[in-house]
Amino acid sequence: AAPSPGETDVAVRAPVREDAVPRGVPLADRIAEIRRRIQAALVYPPLARRREVEGTSEVSFEISPAGEARGLEIERSSGSALLDRAAARAVNDAAPLPPVLGRLRVPVRFELEGPERRP
């Protein structure tokens, strides 16, 4: 039977969430670029490096129309306040970021490598 007036099909009527740049660079590419820029802006805290502290901080934020992070939060701590603060700084220093609609969660990795790492 046909639906009576006023009845709706939720699946059909549900709002469609569109990406901020529907015909531009694909979303996956923009997210990869955001991660790359954050890691490139990352400054390993000297004290954490000396203590050989490693970890991953997971940050969340939205991107403003100007490409800046807003509402930045540490969603999952690395276990080190030094690394968590450096992760937040890297997100801010990575601006301007490519446009993405909604809140992002991005891991920020701190890994010692090369001559600074002692055996």
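**Close-up 1. The salt bridge between Arg76 and Glu58 in the predicted model.** In this predicted model, the side chains of Arg76 and Glu58 meet in a salt bridge with an N to O distance of 3.6 Å, where a salt bridge is a side-chain nitrogen of Lys or Arg within 4 Å of a carboxyl oxygen of Asp or Glu. The pair links distant parts of the chain, since Arg76 belongs to strand β2 and Glu58 to strand β1, 18 residues apart; helices (H or I, at least four residues) and strands (E, at least two) are DSSP runs, numbered from the N terminus. Arg76 is partly exposed, with a relative accessible area of 44%, whereas Glu58 is buried, with a relative accessible area of 13%. Here buried means under 20% relative accessible area, exposed over 50%, and partly exposed in between, calculated with a 1.4 Å probe on protein chains only. This is a predicted model, in which local features need pLDDT of at least 70 and side-chain atom pairs count only at pLDDT 80 or more, while totals for chains, interfaces and linings use all residues. Residues are numbered from 1 along each chain as its sequence is written, and side-chain values use heavy atoms, with hydrogens and water left out.

Close-up 2. Side chains of opposite charge can pair when their charged atoms come close. The structure holds 7 salt bridges, one of which brings together the side chains of Glu75 and Arg105 at 3.8 Å, N to O. Glu75 lies in strand β2 and Arg105 in strand β3, so this pair ties together parts that are 30 residues apart in sequence. Glu75 counts as partly exposed at 34% relative accessibility, and Arg105 counts as partly exposed at 46%. Glu58, Glu75, Arg76 and Arg105 are linked in a network of salt bridges.

Close-up 3. Val59 stands opposite Ile74 in β2, and Glu62 stands opposite Arg70 in β2. The side chains of Glu62 and Arg70 also meet in a salt bridge (3.8 Å, N to O); Glu62 counts as partly exposed at 31% relative accessibility, as does Arg70 at 42%.

**Close-up 4. Helix α2 and its buried face.** The buried residues of helix α2 are Arg30, Ile34, Ile38 and Ala41. Seen down the axis of α2, these buried residues fall within an arc of 75°, so they line one face of the helix, the arc being that of the directions from the helix axis to the C-beta atoms. They pack against β1, α4 (81–93) and β3, with contact meaning heavy atoms within 4.5 Å. The face of α2 turned away from its buried side carries the exposed residues Ala28 and Ala40. At 1.5 Å a residue, the 15 residues of α2 should span 21 Å, which agrees with the 21 Å between its end C-alpha atoms; the expected span is 1.5 Å times one less than the number of residues.

**Close-up 5. Backbone features in two loops.** Most residues other than glycine have a negative phi, and most peptide bonds are trans. A cis peptide bond joins Ala95 and Pro96, with omega about 5°, and Pro96 lies in the loop between α4 and β3. Glu52, a residue other than glycine, has a positive phi near 60°. Glu52 lies in the loop between α3 (46–50) and β1 and counts as partly exposed at 34% relative accessibility.

Methods: Pairing = 2+ DSSP bridges.
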